[in-house]
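Let's take a friendly walk through this chain. Have the sequence and the 3D view open as you read.

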Amino acid sequence: MGRAITGLVFLVLAVMVTQAATMSLAAAENGPSAAIRASDTYFAWGDNSNGQLGNGTITGSSTPVDVYLPAGTTITAVTAGGLHSLALTSTGAVLAWGRNFSGQLGNGDTINRSTPADVDLPAGTTITAIAAGAFHSLALTSAGTVLAWGENLHGQLGNGGTTNMSTPVGVSLPAGVTITAVAAGGLHSLALTASFHSLAVTSTGAVLAWGDNSNGQLGNGTTTGSSTPVDVDLPAGTTITAVAAGVAGAAHSLALTSTGAALAWGNNADGQLGNGDTTNRSTPVDVDLPAGVTITAVAAGGQHSMALVALPTSTTTLQVMPRKPRADQDVTLTATVTCNVDTPTGTIMPVPSSPGAETSLASWGTEPPPVAVRRWTLTCRPARRSTPSPPDSTLVWR
């Protein structure tokens with residue numbers, strides 16, 4: 001059984017500019033994001049009963065307070081666990097503070113800290129991403145390996161045992177596997193109950209999971225937990241680019257595919273898998289996204305899930321045939337418009353290069369979403385000219 005988590009904490013990086021501060025919310029991030037820039041200013045607010053705000057007190061705050069960073073430290077990513085916080089520095093080191101009962105700060109003891117302490121990383125190790133679970137922590141190294149520390153009751157450290165660790169230990173990965181992303185259950189500040197499983201994405205787009213599996217959240221077709229990584233049973237031909245893990249009691253997992261779709265597995269009592277029912281799944285199922293929608297990021301809460309939808313985009317190309325027409329020869333202009341969310345609609349208007357040129361809309365066609373293509377073909381007979389090059393044409397997209 002897990003322990004309940006009470007209290008909420010939010011973490012945020014602030015990039016300071018003249019007379020303003022630009023915020024990059026990072027409490028639910030499991031690695032550096034393109035939206036997050038390095039900063040020497042770090043804000044936190046909310047519950048502080050275990051020192052998780054990092055300001056040297058245990059007094060909560062309803063407004064942002066400065067985290068007391070060591071002098072000269074630049075932060076590139078942050079993540080909030082159940083009652084502890086982690087920060088990744090620009091040098092590849094990790095800082096931790098807050099509750100440390102299970103060793104989740106990784107500094108070699110189990111004493112709570114109200115200001116950041118150095119995680120005791122192996123010599124020569126550079127960290128590129130971090131993830132905070134309810135009572136355990138994960139770190140991805142520049143070599144593509146994974147370190148874990150903190151509570152290990154359900155094998156969530158992935159080292160083959162169930163003993164808590166107050167300093168980082170290597171996750172027992174299969175030989176030859178390189179990891180590109182990690183996620184720890186309960187990795188955001190809205191966690192209310194304990195989290196006991198972990199996820200990792202390999203360089204080939206596969207997913208490994210370990211820890212508690214009572215709800216099928218490891219995605220390997222069973223409900224048996226594992227203290228070492230097991231393969232998530234992905235659909236054939238699927239490549240994963242990101243993962244997210246929910247919290248225990250409603251433990252579920254999400255994965256973002258290279259095609260912009262989303263997969264989900266584990267607890268589904270509240271419909272958090274998004275597949276139209278409330279039946280738990282021990283292998284990944286498709287999230288029932290609206291037609292034509294492309295997803296760019298996923299996040300897993302306690303009993304709910306979220307996905308970020310890509311903005312509509314379109315590209316247009318114009319082909320002239322023949323490439324080198326003769327004087328008075330018909331020229332065919334083919335415009336291809338590709339839209340990432342729906343079938344393109346609009347009007348193509350060629351502008352004749354000289355007076356007397358004749359134009360006509362000859363044909364068009366479509367291909368179905370999510371990537372829809374519409375082709376317009378126009379025929380233009382230009383006026384007689386002395387050069388064999390095709391006429392200049394203007395493509396107007398409305």
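## Terms and ground rules

A residue counts as buried when its relative accessible area is under 20%, as exposed when that area is over 50%, and as partly exposed in between (1.4 Å probe, protein chains only). This is a predicted model, in which local features need pLDDT of at least 70 and side-chain atom pairs count only at pLDDT 80 or more, while totals for chains, interfaces and linings use all residues. Residues are numbered from 1 along each chain as its sequence is written, and side-chain values use heavy atoms, with hydrogens and water left out.

## The chain overall

The chain has 26 strands and 0 helices; strands (E, at least two residues) and helices (H or I, at least four) are DSSP runs numbered from the N terminus. Of its 398 residues, 47% are buried.

## A four-stranded sheet

Here 4 antiparallel strands make an open sheet, ordered S9-S10-S11-S12; two strands pair if DSSP finds at least two bridges between them. Strand S9 (127-132) and strand S12 (165-170) are the edges, each pairing on one side only.

S11 (residues 146-150) is joined to S12 by 3 bridges, and Ala-148 sits opposite Val-169 of S12.

## Around Thr-257

Leaving aside residues up to four places away in sequence, Thr-257 touches Thr-238, Thr-239, Ile-240, Thr-241 and Leu-263, where contact means heavy atoms within 4.5 Å.
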